[in-house]
Amino acid sequence: MSTTTKPALTSPAPVKSRPARTRRGLRGSRTFNFWLFISPFLAGLVIFVYVPIGWSVYLSFFDARFTVTPSKFIGFDNYTYMLTDPKFVHSLGTFTVFAAFIVPTTWAMSLGLALLVNRLRFMRAFFRSVFFLPTACSYVAASLIWKMSLFSGVRFGLANTVLGWFGIDNIAWLASPDPPWYWLVIVTARLWLQSGFYMILFLAALQNIPGELYEAAAIDGARPGWQTFRHITLPQLRATSTAVVLLLLIAAYQAFDEFYNLLDKTTWGRPPLVELYYTALGTEQDYGAGSAGAVILTALIIVVTLFQGRIMGFGRGDESK
Amino acid sequence: MTTTTPGIRKTAPSAGARRGRRGGGVMRSTGLWIATGVAVVLFLIPFYVLLRNAFSTDAQITGDHWEFFPTHLQWGNISELFDDQTVPFARSLLNSAVVAVSMTAGILLVCSLAGYALARIPYRHANKIFYVVLGTLMVPTSVTFVPSFVLVSSLGWVDTYRGLIIPGLFSGFTCFLFRQYFLGFPKELEEAARVDGLGHWGAYWRVVVPNSLNFFAAIATITFINGWNAFLWPLVIGQDPNAWTVQVALSSYITNQTVVFHQIFMATAISILPLLCVFLFLQRWLVQGIAQTGIKG
């Protein structure tokens, strides 16, 4: 065990610091300690994140089918190919629709659940657990339950059974894009999976709101319910709301598991990641085009994140807390 | 409607934070309980469906009318699942366990050390390095799966534990969370250790880590869940069925031609079981950790 001491702290313990002095040099320096702590992480980050990204940018300028060591430089052809590929462009549209659905619904649902749980007087921990439990399920597991039993498109699926009670015919939930019932399946699956997680964030934030605010509002004549919610609860939740929306958007970008499993080989409803998966690892194995797609997607994500950060002032709420 | 005076309350406020509660009439609380009941039923239905199907026969699952409670539980479904050789399900469970556990241990070690250095060890270029870490937060890891696959396959790591585990260890986000946490860690404790003659390394292991077990437990739980539930990367890397994780195995059931319903549902139920155990035992930490870390993310 090293016995180095910091020079700034030598005065209270002169006896101890003496042997350390003689052994100073590289080991005693802050630089050494800094690199000792950070180098494993940094090396991994460079090798497994930065190198792949760099390689991806490099590959995107080459004709790289069935090979990852390309030889033929083709300039921006991969980019024009991806940007004019109706499937890839369509996948960007799919993502937009998906985000437009899932972000507000999850936001509202997790906030609603948090308000509900926060108001309960008994068995709070129990109800919180119930809503939180789906977080333990994987997207694959949920897709399986949704596809094979809840929305299975046949008579014995739960959704169709319930509709049958009202005399409504079977609906093929996932088998056709018209009408686009598959959105209902995908959105409900994700709502079930992720609402509990964000509910916890909102619960924590709700419990941090000073009670005096509500008392002051009551004195000022605000009626409990909508008015206090609108003028006290919501503004107080601003920082958390911003963080939740940002996290939801990031999570939506990563959408892959449930689309891949629920829609399988269908051509509709493919978000960008699924499309890239089929481009790069499907029968074509086109790593050049796949890389170009990844670069385009990354650029889009960075632009949207910065833009959203600017608009919603992400980070500011943290400091004011 | 009147506000109840705070202070006089029978039940102890759990987190010291039951404020802002408005007393209400019977109507209001009835509405509250109805809403809660409906939500609970909706949230539990998928679990009920899963268990019902896992312990039914195929004929019961695909039967003409919806049987709410199977009269006869098919315990044999469990052994049938493990006896079936077409999908190496037991092997996939083992793979997932190895991957999730080593990933958790690795991330805790690598990211906590880096986060500590960024928060606490003064160094001229620390800021620049912090930007290098922050930069990766902009790029979701799943977007880099194409280039990462290219790299890992050229290392010859396809179908190996190395390929499944190592690329996932360097999470900029987790490092960031650790940095934020260590920024708030009481400095006095470390200074005391320093006075006693410990260097950064000694102070870290003997003072900082033992006093941060709650936070480590929270991150560990979240990492374990993510590792167990990961799908895209294991799908890309596990080309040979023997390298499948449990999620990839489940997915193969979905796309399989011959559908054996009860087997699929039993497999799903078993795949969820370890995490349910983790949830039951570690829930307090988990909730705390998410509340603590998630907002700052």
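1. A:Pro180 sits in the loop that joins helix H7 (158-165) to H8 in chain A; helices (H or I, at least four residues) are DSSP runs, numbered from the N terminus. With a relative accessible area of 43%, A:Pro180 is partly exposed, a class that lies between buried (under 20% relative accessible area) and exposed (over 50%), computed with a 1.4 Å probe on protein chains only. The C-alpha atom of A:Pro180 is 9.2 Å from that of A:Gly269, although 89 residues separate the two along the chain.

2. On the basis of the note: this is a predicted model, in which local features need pLDDT of at least 70 and side-chain atom pairs count only at pLDDT 80 or more, whereas totals for chains, interfaces and linings use all residues. Residues are numbered from 1 along each chain as its sequence is written, chains are lettered from A and ligands numbered from 1 in the order in which they are written, and side-chain values use heavy atoms, with hydrogens and water left out.

3. The interface of the two chains brings 113 residues of chain B into contact (heavy atoms within 4.5 Å) with 111 residues of chain A. The area buried there is about 10,500 Å², and carbon and sulfur atoms give 76% of this; buried area is the accessible area (1.4 Å probe) that two parts lose on being put together, summed over both. On the side of chain B that touches chain A there are 75 nonpolar, 28 polar and ten charged residues. For this count, Ala, Val, Leu, Ile, Met, Phe, Trp, Tyr, Cys and Pro are nonpolar, Asp, Glu, Lys and Arg are charged, and the others, Gly among them, are polar.

4. Zero salt bridges are found across this interface, the rule being a side-chain nitrogen of Lys or Arg within 4 Å of a carboxyl oxygen of Asp or Glu. Six residue pairs are in polar contact between the chains, both residues being at pLDDT 80 or more. A polar contact is a pair of N or O atoms within 3.5 Å; within protein, one must be able to donate a hydrogen and the other to accept it, and residues adjacent in sequence count only if both atoms are side-chain atoms.

5. A:Asn261, in helix H12 (residues 257-263) of chain A, makes a polar contact through its side chain with the side chain of B:Ser251, at 2.7 Å. A:Asn261 counts as buried because its relative accessibility is 0%. Beyond four places in sequence, the residues in contact with A:Asn261 include A:Lys147, B:Phe231 and B:Ile254.

6. The largest nonpolar core has 189 residues, and A:Phe131, A:Trp146, A:Tyr277 and B:Phe145 touch the most other members. Helix H8 (residues 182-207) of chain A gives the most to this core, with 18 residues. Such a core is a set of buried Ala, Val, Leu, Ile, Met, Phe, Trp, Tyr and Cys residues joined through side-chain atoms within 4.5 Å. Among the residues that A:Phe131 touches are A:Leu113, A:Met199, B:Thr36 and B:Phe43.

7. In chain B, eight of the ten residues of helix H6 (residues 145-154) are buried, B:Phe145 and B:Phe149 among them. Just after H6(B), B:Gly156 has a positive phi of about 75 degrees.

8. A:Met123 has a positive phi of about 55 degrees and is exposed, with a relative accessible area of 52%. B:Asp159 has a positive phi of about 65 degrees and counts as partly exposed at 32% relative accessibility.

Definitions and conventions: Helices (H or I, at least four residues) and strands (E, at least two) are DSSP runs, numbered from the N terminus.
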